[in-house]
Amino acid sequence: DFDEFMKIPGCTQGFCTNESQAKKRFLGGTDLRADSAPVRLDANAPPDPRQKLESMRRGLVAVGVDSALFEKVAGKLAQNGDLEQVCEVLKGRFSSALNNLQ
């Protein structure tokens with residue numbers, strides 16, 4: 001019985017094929033929402049402090065600073081809950097360090 005089953009030819013074309021289908025057959029959520037994405041009304045608004053810290057972390061990692069070290073220091077400074085103050089403290093410290101190198 002099993003030998004007869006194994007002799008049945010499998011699908012060679014259509015949905016059952018193991019070949020990649022070049023064209024998408026459906027549109028997903030991101031495909032449908034792309035044209036109707038929300039537009040920020042206050043485009044000139046200052047960036048969120050979380051975005052500032054993330055940009056700072058990415059920049060430091062790009063020049064070789066350990067990401068975990070930055071997160072540890074930023075987390076310690078953020079214990080009071082004011083992320084804008086953390087940004088100001090780090091800005092001051094980095095500015096001071098760069099001024100000392102001149």
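Leu83 counts as partly exposed because its relative accessibility is 28% (buried means under 20% relative accessible area, exposed over 50%, and partly exposed in between, with a 1.4 Å probe and protein chains only). The structure is a predicted model, in which local features need pLDDT of at least 70 and side-chain atom pairs count only at pLDDT 80 or more, whereas totals for chains, interfaces and linings use all residues. Residues are numbered from 1 along each chain as its sequence is written, and side-chain values use heavy atoms, with hydrogens and water left out.

Leu83 lies in helix H5. Apart from neighbours within four places in sequence, Leu83 is in contact (heavy atoms within 4.5 Å) with Pro49, Arg50, Leu53 and Ala78. Arg50 is 33 residues away from Leu83 along the chain, and the C-alpha atoms of the two are separated by 7.0 Å.

The protein chain contains five helices and zero strands, and its pattern along the sequence is α-α-α-α-α. Helices (H or I, at least four residues) and strands (E, at least two) are DSSP runs, numbered from the N terminus. Of the 102 residues in the protein chain, 10% are buried. The protein chain exposes about 9200 Å², of which carbon and sulfur atoms supply 56%; accessible areas come from the Shrake-Rupley method with a 1.4 Å probe, and for residues only the protein chains shown count as cover. Among contacts in the protein chain with a separation of 6 or more, 42% are between residues 24 or more positions apart.

Helix H3 (residues 49-62) packs with H4 at an angle of about 145°, their axes being 9 Å apart. Axes are lines fitted to C-alpha atoms, for helices over the stretch in contact, and angles run from 0 to 180 degrees between N-to-C directions. The crossing of H3 and H4 is right-handed (the near helix is turned clockwise from the far one by less than a right angle; anticlockwise is left-handed). In this contact, Leu53, Met56, Arg57, Leu60 and Val61 of H3 meet Ser67, Phe70 and Glu71 of H4. The residues concerned comprise five nonpolar, one polar and two charged; Ala, Val, Leu, Ile, Met, Phe, Trp, Tyr, Cys and Pro count as nonpolar, Asp, Glu, Lys and Arg as charged, and the others, Gly among them, as polar.

Helices H4 (residues 67-77) and H5 (residues 83-100) pack at about 125°, with axes 9 Å apart. H4 passes H5 in a right-handed crossing. Phe70, Ala74 and Leu77 of H4 meet Val86, Val89, Leu90 and Arg93 of H5. These residues divide into six nonpolar, no polar and one charged.
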